[in-house]
Amino acid sequence: QVRVSRVVSCTCGGASVASCSSGYDMGGDSSWQDQFSDPLRYRVVGSAEEFRNHAPPRVEEVKNDLCTVKLVMMHRPTHEPEREKTGEYPFSWHLADKKRLWELRLQVKFHQPPRGRMFFGVELDKFVPVSGVAKQAQKALVSACKGVVGDCYHSIGDAPDVQGEREAPAFVMPLWAFDHFHVADLGREPPLTADLSGLGFSRAEGVSKYISAMKAVISSFSTDKVYTFSFWGVSRFLDIIKWRVIGGLLPGVKLDFNQLCGSPPVYVTFYELQGADDDEKDKRHLRSRKNEYFRASVWSTLRPPSGDGTQPSVESPVANVGEAGASDYWSSMYGEAGQTYEHPKPADSGAVVGDLLGLDDFAGTTAQQAPVAPLAAQQPPPKAENTDLLGLF
């Protein structure tokens with residue numbers, strides 16, 4: 001059973017919006033907030049509640065028998081890029097000086113701590129055949145992720161003619177594929193809309209150290225701790241609002257999500273897998289083998305699910321090679337006055353990685369930095385208190 005509640009929150013220590021006048025979590029003045037509309041939508045499976053980003057932002061809370069999850073989804077205004085210049089969109093203080101398009105934050109309190117292998121990622125609800133450019137994009141994305149994380153699990157799913165229980169198409173990763181995590185005593189967890197820099201552990205501090213710390217956490221999950229996870233690694237390639245695979249994977253090509261997923265929505269999932277061990281012949285991630293701690297459908301109102309059961313339209317792949325400022329969101333933002341944006345290459349295996357693909361901001365990068373449009377004056381929110389419960393930081 002899923003229960004949904006709403007936690008009204010801001011970035012200044014968790015005060016309610018009504019009593020908070022800091023404006024830290026917003027850009028510009030407050031006059032634009034009533035007109036802001038975010039096309040990104042998500043719904044927790046088992047609930048009829050439809051979530052979206054608000055101005056000012058708020059945290060959504062979901063409870064089931066296994067855990068309580070608070071969540072925040074940030075996304076740059078790719079549908080209204082002029083907002084980049086004014087900072088008039090939620091979390092502009094956080095996203096403006098970074099290359100990520102979006103960031104997902106989950107804060108988990110376990111009611112029943114998992115003891116099996118944990119995975120998070122995306123899955124579909126039905127088999128989708130892919131070919132041509134879409135198949136190339138799928139292979140490129142899977143290959144890039146496996147090259148950094150290692151033991152990702154990718155399955156195209158079981159075709160409709162497979163007898164018995166069928167596996168859904170999925171790309172999931174171990175928990176150390178999150179870009180950042182933090183552990184706190186119950187009641188001392190940081191607000192999800194806060195500045196989390198300096199808290200917990202980040203992949204930017206070194207992959208080996210990060211994975212060791214995450215494995216230590218996984219082996220000691222408990223009900224009296226709160227676990228905060230952040231993910232943005234592949235966001236450079238996936239514009240969820242516009243429902244497109246963008247530059248970098250297949251340079252100069254924009255690809256409709258629907259050519260990979262068939263039709264919206266896609267599902268973000270966080271689960272414990274029982275069975276399918278190394279010594280078992282059948283290693284599929286079947287629904288019957290999962291304890292699902294969190295599962296939510298995600299879509300954009302710019303490419304909404306079809307309400308009549310028919311397949312939504314699919315845009316053809318668009319090649320933009322040689323068209324400056326047209327290949328993706330970044331080049332359209334920063335391709336003015338002769339400036340172009342070059343996607344950095346994924347970090348090699350010996351590099352320090354700041355995110356899943358080594359593509360976000362971190363010290364020492366040799367990639368060309370995108371110029372950031374000037375924002376209205378604003379200060380980042382106070383950093384939340386750091387509680388290192390592992391003695392590893």
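Strand β10 (residues 180-185) is largely enclosed by the rest of the structure, because five of its six residues are buried. Buried means under 20% relative accessible area, while exposed means over 50% and partly exposed is in between, using a 1.4 Å probe and protein chains only. Strands here are DSSP runs of E with at least two residues, and they are numbered from the N terminus.

Before going further, a word on where this comes from. The model is predicted, so local features need pLDDT of at least 70 and side-chain atom pairs count only at pLDDT 80 or more, whereas totals for chains, interfaces and linings use all residues. Residues are numbered from 1 along each chain as its sequence is written, and side-chain values use heavy atoms, with hydrogens and water left out.

Now, who sits beside β10? Two strands count as paired if DSSP finds at least two bridges between them. One partner is strand β11 (residues 201-202), which pairs with β10 in the antiparallel sense over two bridges. Look for H180 there: its bridge partner in β11 is S202. Another partner is β12, also antiparallel to β10, over six bridges. Here H182 stands opposite T228 of β12. As a bit of background, side chains in a regular strand alternate between the two faces of the sheet.

Rings of Phe, Tyr and Trp (its six-membered ring) pair if their centres lie within 6.5 Å; planes under 30 degrees apart are stacked, over 60 edge-to-face, and the rest tilted. W102 and F231 make a tilted pair, with 6.1 Å centre to centre and 50 degrees between the planes. Both of these residues are buried. They also belong to one aromatic cluster, together with F120, F178, F229 and F270. Counting by the ring rule gives 17 aromatic pairs.

Charges can sit over rings too, which is counted if NZ of Lys or CZ of Arg is within 6 Å of the ring centre and within 35 degrees of the ring normal. R100 lies over the face of W232, 3.7 Å from the ring centre. Likewise, K215 has its charged end over the ring of W176, at 5.0 Å from the centre.

Definitions and conventions: Helix = DSSP H or I, 4+ residues; strand = E, 2+ residues; numbered from the N terminus.
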